[in-house]
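Please look over the following protein, starting with a single residue and then widening the view to the whole chain.

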Amino acid sequence: MLKTVNRVVVGLLGLVLVIGGGSVLAIGLGASPPSWWIHDGKRDVLVSDADRSRWRDEGWFWPTVIAVLAVCLLLALWWLAAQLRRRRLAEVLVETGDGEGALLRGRALESVLVGEAESLDGVQRAGVSLTGRRNAPEARVSLLMEPHATPGEALHRLSTEALAHARDSAGLARLPAVVQLRAVKHRAERVS
């Protein structure tokens, strides 16, 4: 979701900047603007003194300006916090039975899961990322299936073998997973 929001926000902001900057540049170079455009010609400024002070004496103007700026600030802070938040789980807490516990690197568990998933019949490539909390991790698994693979069988073996091994070896009560299956692009086979 965050990648989609980033792309949409950056795309819209870029589009506004390109249209605004391009129109000011075109008018500055001598192109004639439409009648409704705010910038009239080479010697015209974008915001005149009259435009800047037109609504200043109205009672609704300043509260509206402050509210719009506050919403923009909150959205910018939300976006910044979303960028800085860690997506992947850095470490998993492994119960050792003595009340202490040990820390397992999240990348190590991910690479073991990838290795086991790629060894399954019909799986060409796998990707795993761990999310959640370190005492309750969740796995996101993407499998690239070969043309001859049976998705149901691969999913069953993934949950009963690879995910079960990871759950048992880390001493977790449960390891929920979201699995995305994709097929390898291949040419159609001829049937005779």
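Not counting residues up to four places away in sequence, which residues does Asp 40 touch? In this model, which is predicted, Asp 40 touches Ile 27 and Pro 33 once residues up to four places away in sequence are left out. Asp 40 has its place in the loop between helix H1 (2–28) and helix H2 (49–53). Its relative accessible area is 54%, and because a residue counts as exposed when this value is over 50%, Asp 40 is exposed. The C-alpha atom of Asp 40 is separated by 29 Å from that of Ile 66, a residue 26 places away along the chain.

Turning from this residue to the chain as a whole, the protein has five helices and five strands, and from the N terminus on these elements follow one another in the order α-α-α-β-β-α-β-β-α-β. While a compact globule of 192 residues would have a radius of gyration near 16 Å, the value for the protein is 28 Å. The C-alpha trace spans about 75 × 65 × 25 Å along its principal axes. Some further values for the whole protein are gathered here.

| Property of the protein | Value |
|---|---|
| Share of the 192 residues that count as buried | 22% |
| Distance between the mean positions of the 24 positive and 20 negative charges | 5 Å |

Among contacts between residues at least 6 apart in sequence, 49% join residues that are at least 24 apart.

Which residues of the largest nonpolar core touch the most other members? This core has 25 residues, and those that touch the most other members are Val 123, Leu 143 and Leu 158. Two or more residues of the core come from each of strand S1 (91–94), helix H4 (106–118), strand S3 (123–133), strand S4 (136–145) and helix H5 (151–169), and H5 gives the largest share, which is five residues.

Methods:
Residues are numbered from 1 along each chain as its sequence is written. This is a predicted model: local features need pLDDT of at least 70, side-chain atom pairs count only at pLDDT 80 or more; totals for chains, interfaces and linings use all residues. Side-chain values use heavy atoms; hydrogens and water are left out. Helices (H or I, at least four residues) and strands (E, at least two) are DSSP runs, numbered from the N terminus. The radius of gyration is taken over C-alpha atoms; the globule rule is 2.2 Å times the number of residues to the power 0.38. Buried means under 20% relative accessible area, exposed over 50%, partly exposed in between (1.4 Å probe, protein chains only). Contact means heavy atoms within 4.5 Å. Lys and Arg count as positive and Asp and Glu as negative; His and the chain ends are not counted. The place of a charge is taken as NZ of Lys, CZ of Arg, CG of Asp or CD of Glu. A nonpolar core is a set of buried Ala, Val, Leu, Ile, Met, Phe, Trp, Tyr and Cys residues joined through side-chain atoms within 4.5 Å.
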